[in-house]
Amino acid sequence: MPTKIEKDSLSGQNTTGHEWDGLKELNTPLPKWWLWTFYATIAFALVWVVIYPALPIPGATGTSGWIAREAVVRDVQQAEARMAPMMSRLRAATPQQIAADPELRAFAMAGGRGAFANNCASCHGAGGQGALGGFPSLADDEWIWGGSLEAIHHTITHGVRANESDDQRQSMMPRFLADGILTRPQVNDVAEHVLSLTNRATDQAAATRGAALFAENCVACHGEKGEGNRDLGAPRLNDQIWLYGADKASIVQSISNARAGVMPSWGKRLDPAIINMLTVYVHSLGGGE
Amino acid sequence: MGEIKTPEKLKPEAAEAAPPSLYADRQRVYPKAVFGKVRSVKWAVLILCLALYYLVPWLRWDRGPGMPDQAVLVDMTNARLFFLWIEIWPQEIYFLAGALILGAFALFAVSSLFGRLWCGFTCPQTVWTDLFMFVERWIEGDRNARMKLDAGPRNGAYWSRKVAKHGAWVLIAGATGGAWIMYFNDAPTITRQFFTGDAGAMVYFFFALFAGFTYLLAGWAREQVCVYMCPWPRFQAAMLDENSLVVTYRDWRGEPRGKAKADGVGDCVDCAACVHVCPTGIDIRDGQQLECIGCGLCIDACDSVMGKLGRPKGLVAFETLANLSASAAAAAALPPGPQRQQVGMDARRVPRFIRPRTIMYGAALSVVALVMLGAFLMRSTLDVTVLPDRAPLFVRLADGGIRNAYTVKIVNKTHDESPLSLRLEGPAGLRMVVQDVEAQGEGHYPLARRADGITQYRVFVTAPPMAQLAESTPITFRLLDDAGRLATSQSSAFLGPKP
């Protein structure tokens, strides 16, 4: 609606001619180029919609064909290409050589940390602290299958009792009660003897009776004094570290039904370079020998 | 429903005009050359600012081998900010924030005392626009010649001048963008690489960005940046009051305007010299305006006219609004003439520089400056951070002992690489082992440290079996220099099971 141009009496400025309850709006015109810049941004947005995938329609990728998922794949490929020389060196080296070379070691520690979080932490914990119930701690100073770089490398590569590798860590504890080798009182006596190895026996007579049974049934793997045997994956029984619990009930349960933890063979799943990095990383967690 | 009656005043008027446009064409401004005191000061400030900007990257500062020898350098690749002898790490970026806060308070304080000094003299928009106008005047001539050229035919003379002007502008803009990238790269190296094409896409992008916007803002947009884009003119009104120095027209002396020889008129001869020199194209005689950047060129223009007429200078001057009203009140009753001039000028007082507003800005400025100075003097060049392992908090060992693991980071901001000796202070019985480091003597580990970098160690602390320790025991790691003096220390905790 065309309106009359009025001058505001106070400021001497033109009004827009719009009036609300006696209030008149002063006309302070914007520069035209400002308006054109605004139109230019709209035009830019239209061009953008054509070139880039801006419409929520499957397959509408825009004329440039740019897809976020492909960009990620490209980025990953670039990162892998950047790491390739280092990875081939890590593949060729032994864990000992990696641990001795500061450059390789720094790379292996960083890569090992990531690989550990991806593959190992779900059972062994974020810092390798393990968990009660058969997930050994990798940060303490006891190892079931050995804590040298070679032993760790072998265990990671071939796994434990997973039947995925011919060289896997393999041993089997008998189910002493379930298979009728020992009676229930005998199991109790053996458990008392095992407790006595760490001076925790509650019934000295039972422990003495159990000593004979222990010598007969357990010593072959766990050793005379319960010192364990890493070749057989038989844990030490005369220390403070208990994989399935230190209390008598847990020990009775272990003797009665046996325990057999399982770890997959990672040699089939991971790049040898990553296994080397994991070996060096796990060795550094605090228990490396 | 009855008929809706249109209110009388909203009915179309008889003599209808087209509605006013909400968008305005740009009114070209052709500032005229001006000479005088203010202009001289402006030239000096312009030369100083531009010289600083273009030459500072070329200043050298020896920092020893392997370190950049550029006095002022923002090293993005290595995340360091070099300023003469100061080297700022990313975690100390609060020094930059502090400098900006300092700058803001300084700006507030100066504005409340002296008005728009920043806008009129030192703002990069003003400085580069001034430089571009100087080039324009040199190639196309002064105000009248330029107006004639633009209004005249598009002939060879027109195009040759325009091409020469824009060519010169592009060169200056290029030098501006070029100097910008020198603050982020070694100046001699990047200059060579820039011309051989080895400088990298990022460098060329930022060069083009800064060169392009210099050309656009100083060549084309000019006063429109101040009038339409810049937020500062909008809120600086909060800093100014009637005791701030601003560029003012002494209307009590100038009005009524009239010819120089006419009787009963004020000193303003309405020659419009002040309007012709104004870089934002306003008339200062209209009073205080948002568009006025306070550059004071109209003062020079008016002073030279008054000088020629043999009248006192200062019809347009840096003056406070308080003095302006005082003069106006004193001179109101008198007719135009030397007596009115005398009475008006005598009514002025020395501006009140000390007032609550300036005291508060000054206090804020001092507090920030003191905090910055304190933070800088207490800035450590050697930090040790101790991060205890969180998973697991502690490890039970086969013999029943308890072990904690820590990551010890030595942040060395100097170039001293001499090893530091790490010692553990805590309850008797705690033993410390540093992974991959051989102990020298009892519980004493020499730790190498990288110059200007972070070195990281993994430290194990073990409590013997049956040690009677609380769930959390305070311990302290101490780093001693080779003379056995304490370099730095960091306290931490040794954690164990609930006793």
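Predicted model: local features only at pLDDT ≥ 70, side-chain atom pairs only at ≥ 80, totals over all residues.
**Exercise 1. Aromatic pairs in chain A**

Solution: Trp33(A), with a relative accessible area of 26%, is partly exposed. Side-chain values use heavy atoms, with hydrogens and water left out, residues are numbered from 1 along each chain as its sequence is written, and chains are lettered from A and ligands numbered from 1 in the order in which they are written.

The next step is the ring criterion: rings of Phe, Tyr and Trp (its six-membered ring) pair if their centres lie within 6.5 Å, and planes under 30 degrees apart count as stacked, over 60 as edge-to-face and the rest as tilted. A search of the whole structure on this basis finds 30 aromatic pairs over all chains. Trp48(A) is partly exposed at a relative accessible area of 42%, and Tyr52(A) is partly exposed at 31%.

**Exercise 2. Rings and charges in chain B**

Task: Identify which residues form one aromatic cluster in chain B, and determine which ring has the charged end of Lys413(B) over it.

Solution: The cluster consists of Phe105(B), Phe108(B), Trp232(B), Phe235(B) and Tyr361(B). For the charges, the criterion is that NZ of Lys or CZ of Arg is within 6 Å of the ring centre and within 35 degrees of the ring normal. The charged end of Lys413(B) sits over the ring of Trp89(B), at 6.0 Å from its centre, and Arg403(B) lies over the face of Phe460(B), 5.0 Å from the ring centre.

**Exercise 3. Backbone features**

Task: Locate the cis peptide bond that leads from Glu255(B), and find where Asn163(A), with its positive phi, lies in chain A.

Solution: The bond from Glu255(B) to Pro256(B) is cis, with omega near -15°. Pro256(B) belongs to the loop between helix H11 (251-254) and helix H12 (273-277) of chain B, where helices (H or I, at least four residues) and strands (E, at least two) are DSSP runs numbered from the N terminus. A cis bond is also found from Ala391(B) to Pro392(B), with omega near -5°, and Pro392(B) is placed in the loop between strand E7 (382-388) and strand E8 (395-396) of chain B.

Turning to phi, Asn163(A) has a value near 55°, which is positive in a residue other than glycine. Asn163(A) lies in the loop between helix H6 (149-158) and helix H7 (184-197) of chain A, and at 63% relative accessibility counts as exposed. Ala79(B), although not a glycine, has a positive phi of about 55°; this residue is in the loop between strand E2 (72-75) and strand E3 (80-83) of chain B and is partly exposed, with a relative accessible area of 34%.

**Exercise 4. Salt bridges**

Task: Determine how many residues apart in sequence are the parts tied together by Arg379(B) and Glu92(B).

Solution: A salt bridge is a side-chain nitrogen of Lys or Arg within 4 Å of a carboxyl oxygen of Asp or Glu, and the whole structure holds 41 salt bridges over all chains. The side chains of Arg379(B) and Glu92(B) meet in a salt bridge of 2.8 Å, N to O. Arg379(B) lies in the loop between helix H16 (356-377) and E7 of chain B, and Glu92(B) in the loop between strand E4 (86-88) and helix H2 (94-114) of chain B, so the pair ties together parts that are 287 residues apart in sequence. Both Arg379(B) and Glu92(B) are buried.

Key: Buried < 20%, exposed > 50% of the residue type's maximum accessible area, 1.4 Å probe, protein only.
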